[in-house]
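Please open the model in your viewer and keep a selection panel at hand. The stops below are meant to be followed in order.

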Amino acid sequence: MDLKSYATSDGRIEILELSGRFDAYTAPRVAEWLQKAATAKPARVVADLGQVNFMDSTAMAALVRGMKQCREQKGDLRLCGLQKPVRLIFELTRLDKAFEIYPDLESAQASWGG
Amino acid sequence: MLRVISRRNRALFLQMADMAATHGWQGYFWAGADGRAILPTELFGELAPTPAQILGKELLPEGWYIAPVHAADQRIAGFVGAYAPNHDTALIHLAPQAMLLGQILAREEELDSMTAELMGAYDLLVAMYKVSQATGSNLNRNDILKLLIEQAKELSSSPDSLVVIDENGTLREVAPRTEGQPHEPWLQPLFQTIQELKRPILWNQPADAKVLLEAPQQGVDRCLAVPVAVKGDVVACLALLNKPVPYTAGDQKLLTALADEAAAIILRDRLQGQLIAQERMRRELEIAAEIQAGLLPSDLPMLPGLEMAACSRPAMEVGGDFYDVVQGPEGPVAIVLGDVTGKGVPAALFATVAHNILHHAIPQSPNPRAVLEELNADLYEELTNASMFITLLVVYCDPGSGQLVMVNAGHSPVIFYEAATGRARLLEADGPPVGVLPNILSENHTEKAKTGDILTVLSDGFPEMTGPGGEMFGIDPLMRLLEANANQSAVEIRDCMLAAVRSFAQGMPQPDDLTICVLKVD
């Protein structure tokens with residue numbers, strides 16, 4: 001799994017780009033990154049899962065933890081670009097009701113307004 | 001040195017003295033390096049030379065001739081002398097005799113040194129034998145190390161010795177110089193130095209120690225310390241102290257050999273410790289697995305009009321899945337199936353706690369959603385801290401009416417088969433799992449089950465069972481399997497679903513826990 005991250009030009013939002021298999025082996029790296037990102041206040045993070053083709057429950061737990069940490073810091077972890085198999089997992093577990101999920105990065109960024 | 005030869009070779013002296021007589025010489029002697037006569041033991045007569053004369057400090061009396069005997073290192077080891085008035089030949093004959101004696105002396109020295117080396121090797125062998133005997137005995141590590149340094153102390157004639165060992169960053173004297181005395185302040189710098197250098201250090205005078213350690217040593221004039229290295233790391237140090245004469249290369253060789261033995265002892269001790277810890281862990285997991293298995297209902301209730309079958313197969317010794325069948329407050333039976341994220345001990349701990357909470361909450365509440373709320377309130381913080389959540393289905397079932405009231409927090413798959421249509425459908429969750437949000441979003445949902453209808457609740461280990469090519473079993477095949485086996489008993493349906501995913505895996509390791517509950521209306 002690849003992990004890339006950058007901040008938007010105005011520095012308000014951290015973007016996390018993941019690709020490949022997101023599972024119990026790769027989740028700790030993501031969890032560590034999210035924990036650091038959630039130290040900002042407000043902690044606004046978008047995880048772009050557009051290139052993720054598999055997620056297991058440990059990976060989802062890492063995102064849930066990140067989402068909680070960001071919300072504690074008056075921010076949020078929002079998701080975007082979910083491929084069909086990944087979207088299906090979010091729908092089956094109803095984690096789509098816990099996260100704000102957007103079709104693409106632009107709409108996820110725009111969700112925080114200008 | 002010539003004295004040594006003269007003791008061992010008196011016959012040679014006598015032969016040489018006889019030869020001198022045949023030359024017509026009137027006196028013959030050997031003297032030591034100090035010029036004093038050795039053989040004969042005294043030189044008599046007014047004309048006999050004094051030690052000073054033999055050493056060449058004074059003029060020799062007339063008629064006496066002297067030749068120095070040189071040792072292998074060219075030192076003067078003694079003198080050969082003769083009184084031969086009117087015999088100039090003495091000067092010519094004495095020089096080869098002195099050379100011959102020099103050669104003999106060199107061989108004798110060589111022999112002495114070889115004998116000493118042999119004795120040293122023998123002593124070392126005896127010491128190693130004693131240590132290896134101790135290693136095979138029931139003695140513990142520290143006692144063996146004490147015995148080992150005692151051997152080194154005896155062999156090197158050192159009055160003091162010590163062994164220090166690094167135990168997780170703390171220096172411990174397992175064989176102190178003086179029993180019961182506090183830690184000597186110079187030991188820390190000694191050990192640090194030896195850890196850095198990774199080779200023996202030696203001082204034969206206190207001034208050298210000050211330079212080496214930059215720390216004061218109390219009553220340690222001489223020291224030979226060698227590192228004990230295990231897998232390249234210096235973990236201990238053996239030291240011999242205060243030998244009356246300087247430590248030699250031989251002492252270092254001896255202590256280094258014993259340090260290798262000490263390294264083997266420490267390594268063996270560590271491996272034994274690891275084995276014991278592993279065995280303890282294995283036993284604890286066995287106990288945990290027994291406890292967890294004991295929490296699952298051993299016998300499912302036999303209810304008229306309802307057939308039930310369930311089982312759980314963890315991927316590891318213990319797992320994060322659990323199920324339960326509990327009598328509800330108003331008669332109906334409640335069925336619970338939960339799946340904690342992850343596997344192994346952390347998941348098992350939460351599974352056990354959640355199982356217990358539900359087991360006691362269900363008989364108190366007629367409302368499955370209220371039970372779920374209670375569980376979420378109890379575990380939300382702990383689950384958050386552990387980065388975990390629980391997918392959970394609670395079904396209250398009234399066998400008389402066939403009414404199923406269920407609440408589903410993110411659990412999948414839950415498959416409902418309707419005999420009337422012959423089709424299976426997925427009952428999807430309407431809220432996220434327990435522990436994700438501070439409140440529960442799921443609502444109670446009711447199904448009316450008729451004769452032949454089947455509710456099958458599985459953990460995600462079933463659809464996510466992986467084949468040899470990495471492909472997953474999926475939910476659809478489970479639904480088709482249920483449809484195809486709907487006329488079977490609950491037990492047969494449970495078993496055929498387990499068999500199907502196992503056959504799909506073709507011997508690949510089970511990636512996740514497998515838990516299934518089947519409820520069939522007769």
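Select chain B and display its contacts (heavy atoms within 4.5 Å): among those between residues at least 6 apart in sequence, 65% join residues at least 24 apart. This is a predicted model, in which local features need pLDDT of at least 70 and side-chain atom pairs count only at pLDDT 80 or more, while totals for chains, interfaces and linings use all residues. Residues are numbered from 1 along each chain as its sequence is written, chains are lettered from A in the order in which they are written, and side-chain values use heavy atoms, with hydrogens and water left out.

Staying on chain B, colour by secondary structure to bring up 12 helices and 19 strands, taken as DSSP runs (H or I, at least four residues, for helices; E, at least two, for strands) and numbered from the N terminus. Of its 522 residues, 48% count as buried, that is, under 20% relative accessible area with a 1.4 Å probe, protein chains only.

Next, show chain A as well, and select the 16 residues of chain A that are in contact with 24 residues of chain B. Between them the two chains bury about 1600 Å², 62% of it on carbon and sulfur atoms; this is the accessible area (1.4 Å probe) lost on putting the two parts together, summed over both.

Finally, zoom in on Arg94(A) and Glu428(B), whose side chains meet in a salt bridge at 3.8 Å, N to O, the term requiring a side-chain nitrogen of Lys or Arg within 4 Å of a carboxyl oxygen of Asp or Glu. The count between chain A and chain B is 1 salt bridge. From there, move to helix 2 of chain A (residues 57–72), which gives 9 residues, the largest share of the side of chain A that touches chain B.

Key
Buried < 20%, exposed > 50% of the residue type's maximum accessible area, 1.4 Å probe, protein only.
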